[in-house]
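Biologist: I have the sequence and the coordinates open. Could we go through the helix packing and the charged pairs together?

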Amino acid sequence: MHLAELYTSIAKNPDHPFAVRFVILMASSWIFQGVLYMDKTEKAFKVVTELILFTFPLILLLGVLPVIYATILSLIICHTMNWILNGQIFVVLKNLKMVSNPPECFRKYINVLARRIEQKNYILAAAAYGSLSKQQLEDSSDLDVRIIRKSGFLNGVKACAFVATERSRALIKRFPLDIYVLDDVHKIEQQIDRSEANNPVILYDPDMLLKI
């Protein structure tokens, strides 16, 4: 079974004891931080971001700890900071049904997000999938969004920075947002099942790219 499928099977199965689900989901979320769903550009962006975050605690800790301990502790600190800033904790809590948002909250959030996306000239298209596109939206649902970036290095960096910012916004608002940058529209077929891919909730798509 694919790791993403294993995660989903645990997250969606209430038959597992709550404590087991909590530990497994929190641990897997902290370790992977959505990297299983990231395209190449976003994975590279995440690595670079972690390296930058890693340097600050390392410089401070090298003065008081041996190199090996300072390195390990710095890795844990920067990985945890990245996890928190990316709002992953509320996606986990959603899976555990510990947070909820009424449907009107989703509609308001989507409308505001769509307006921000429309203003970014480095984005080709964006759409929401998951329970929203399946018309199975519940209070404990999350918002699954995929953004298709324009080609070019700078556009890739801007798109990844935008998504990182949106995850931080979601953290502040305690909103479970699963949002990722894709390098190519056809990558949607690798992440979204056919029924969802044929029925996206379009947030921005001026060139009709998402009619796959």
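**Helix contacts and salt bridges**

Modeller: Let us begin with a pair of helices: in α2, the residues R21, L25, M26 and S29 meet Q88, I89, V92, L93 and N95 of α5. Please bear in mind that this is a predicted model.

Biologist: What classes of residue make up the contact of α2 with α5?

Modeller: There are five nonpolar residues, three polar ones and one charged one in that contact.

Biologist: At what angle do helix α2 and helix α5 pack, and how far apart are their axes?

Modeller: Helix α2 (residues 18–32) and helix α5 (residues 88–95) pack at about 155°, and their axes are 10 Å apart. Angles over 145 degrees count as roughly antiparallel, so α2 is roughly antiparallel to α5.

Biologist: Is the crossing of α2 and α5 left-handed or right-handed?

Modeller: The crossing of α2 and α5 is right-handed.

Biologist: Turning to α3 and α4, how do their axes cross?

Modeller: The axis of helix α3 (residues 40–61) comes within 8 Å of the axis of helix α4 (residues 67–85), and the two cross at roughly 130°. The helices α3 and α4 are therefore oblique to each other. Their crossing is right-handed.

Biologist: Which residues make the contact between α3 and α4?

Modeller: On the α3 side they are K46, T49, E50, L53, F54, P57, L58 and L61. The α4 side supplies A70, T71, L73, S74, L75, I77, C78, H79, M81 and N82. By class, this contact has eleven nonpolar, five polar and two charged residues.

Biologist: Are K46 and E50 buried or exposed?

Modeller: K46 counts as buried because its relative accessibility is 11%, and E50 counts as buried because its value is 14%. The cut-off for buried is under 20%.

Biologist: How many salt bridges are there in the whole structure?

Modeller: A search of the whole structure finds six. One of them is formed by R116 and E166, whose closest N and O atoms are 2.8 Å apart. R116 belongs to helix α6 (residues 103–118) and E166 to helix α7 (residues 153–173), so this pair ties together parts that are 50 residues apart in sequence.

Biologist: A change of topic: where does D178 lie, and what does it touch?

Modeller: D178 lies in strand β3 (residues 177–182). Leaving aside residues up to four places away in sequence, D178 touches V91, D142, L143, D144, V145 and R146. D178 is buried, with a relative accessible area of 14%.

Note on methods: Residues numbered from 1 in each chain as written. Predicted model: local features only at pLDDT ≥ 70, side-chain atom pairs only at ≥ 80, totals over all residues. Heavy atoms only, no water. Axes fitted to C-alpha atoms, helices over the stretch in contact; angles between N-to-C directions. Helix = DSSP H or I, 4+ residues; strand = E, 2+ residues; numbered from the N terminus. Parallel < 35°, antiparallel > 145°, perpendicular 65-115°, else oblique. Left-handed = near helix turned anticlockwise from the far one by under 90°. Contact = heavy atoms within 4.5 Å. Nonpolar A, V, L, I, M, F, W, Y, C, P; charged D, E, K, R; others polar. Salt bridge = Lys/Arg side-chain N within 4 Å of Asp/Glu carboxyl O. Buried < 20%, exposed > 50% of the residue type's maximum accessible area, 1.4 Å probe, protein only.
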